[in-house]
Amino acid sequence: GYLRSSVKIEVLTVDQFAYSEFSNALSNPAFLCLIDFNPLDGQILLDISTNVIYTIIDRLLGGEGTEKQQIRTFTEIELSLLTKMIQKMLGDVKEAWSNVIDLKPRLEKIETNPQFAQIVPHNEAIALITMNVEVGPIEGMMNFCIPYITIEPIISKLSSQFWFSSVRRSSTTQYLGVLKEKLSSVDMDVVAEIGSINLPIRDVLGLRTGDIVRL
């Protein structure tokens with residue numbers, strides 16, 4: 001809606017690398033967003049292909065956003081427009097992590113030179129989530145670079161078991177009233193077992209009125 005265009009995003013890969021492997025592959029100029037991952041310590045890095053960014057700028061300024069543009073630096077006006085767009089995207093980032101942690105992500109700055117976007121040491125382990133982005137006819141990549149040291153405090157919550165158990169807990173709470181209402185009108189047979197004892201068949205056959213069976 002913000003771009004007045006159809007946007008399709010698809011997760012391609014989720015891998016673990018050293019930060020140097022990721023940073024060495026970045027182009028110059030690039031579009032790099034340093035995002036504070038409060039309340040977690042540290043930052044994550046959002047890298048979006050420049051061809052996608054040029055298309056977004058064209059759409060924001062009233063263009064069709066259908067033509068590929070030559071690689072160039074960004075103007076101050078363009079960076080101001082892109083800052084507002086990224087801030088809107090962070091609301092979706094917060095929602096995506098809501099089952100794990102109450103994030104308050106904040107855009108710290110936008111860098112176009114990879115040398116000034118050093119968020120962790122070169123040998124630090126990172127999770128790299130690569131997505132394919134389509135804005136109209138234009139395609140490009142979007143990478144989320146998340147340092148291991150940043151998400152280490154919540155690493156136990158990132159398992160699929162925790163994720164689905166959280167979903168089940170919220171669903172149970174949400175629909176508990178509906179379930180109670182539906183169950184209150186269901187007919188069922190109820191059997192109460194007070195106790196038990198093992199008896200030989202001859203004793204069962206010999207039972208008479210007034211006999212006492214100790215359970």
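Begin by selecting Phe37, which counts as buried because its relative accessibility is 0%. The model on display is a predicted one, and each stop below names what to select next.

Trp97 touches Phe37, Leu103, Ile146, Ile151, Ile154 and Leu158, leaving aside residues up to four places away in sequence.

**Second stop: the nonpolar cores**

Widen the view to the largest nonpolar core, which has 37 residues. Within this core, Phe31 and Trp97 have the most contacts. Two or more residues come from each of strand 2 (32–36), strand 3, helix 2, helix 3, strand 4 (106–111), strand 5 and strand 6. Next, select Leu45, Ala117, Ile119 and Leu128, which are among the 13 residues of a second, separate core.

How many aromatic pairs does a search of the whole structure find? The search returns 4. Select Phe31 and Phe74 to see one of them: this pair is edge-to-face, with 5.9 Å from centre to centre and 75° between the planes. Phe31 sits in the loop between helix 1 (19–23) and strand 2, and Phe74 in the loop between helix 2 and helix 3, so placed that the pair links distant parts of the chain, 43 residues apart. Both Phe31 and Phe74 are buried.

Return now to Phe37 and Trp97 and display their rings. The ring centres are 5.4 Å apart and the planes stand at 85°, so this pair is edge-to-face. Because Phe37 lies in the loop between strand 2 and strand 3 and Trp97 in the loop between helix 3 and strand 4, the pair ties together parts that are 60 residues apart in sequence.

Is helix 2 mostly covered or mostly exposed? Helix 2 is mostly covered, with 9 of its 11 residues buried. Just after the helix, select Gly62, which takes a positive phi of about 95°.

Select Asp92, Val93, Met131, Met142 and Phe144. Of the 32 residues that line the largest pocket, these are the closest to its centre. The pocket holds about 800 Å³ of space. Which element supplies the largest share of the lining? That element is helix 3, with 6 residues. By residue class, the lining comprises 25 nonpolar, 3 polar and 4 charged residues.

**Last stop: Asp36**

Finally, select Asp36 in strand 2. Asp36 is buried because its relative accessible area is 16%, against a cut-off of under 20%. Display its surroundings: leaving aside residues up to four places away in sequence, Asp36 touches Gly42, Gln43, Lys104, Pro105, Arg106 and Glu108.

Note on methods:
Residues are numbered from 1 along each chain as its sequence is written. This is a predicted model: local features need pLDDT of at least 70, side-chain atom pairs count only at pLDDT 80 or more; totals for chains, interfaces and linings use all residues. Side-chain values use heavy atoms; hydrogens and water are left out. On a 1 Å grid over the protein atoms alone, a cavity is a set of points where a 1.4 Å probe fits but cannot get out, and a pocket is an open set with protein on both sides within 12 Å along at least five of seven lines; lining residues have an atom within 4 Å of a point. Grid points are joined across faces, edges and corners, and a volume is the space filled by probe spheres set on the points. Helices (H or I, at least four residues) and strands (E, at least two) are DSSP runs, numbered from the N terminus. Ala, Val, Leu, Ile, Met, Phe, Trp, Tyr, Cys and Pro count as nonpolar, Asp, Glu, Lys and Arg as charged, and the others, Gly among them, as polar. A nonpolar core is a set of buried Ala, Val, Leu, Ile, Met, Phe, Trp, Tyr and Cys residues joined through side-chain atoms within 4.5 Å. Buried means under 20% relative accessible area, exposed over 50%, partly exposed in between (1.4 Å probe, protein chains only). Contact means heavy atoms within 4.5 Å. Rings of Phe, Tyr and Trp (its six-membered ring) pair if their centres lie within 6.5 Å; planes under 30 degrees apart count as stacked, over 60 as edge-to-face and the rest as tilted.
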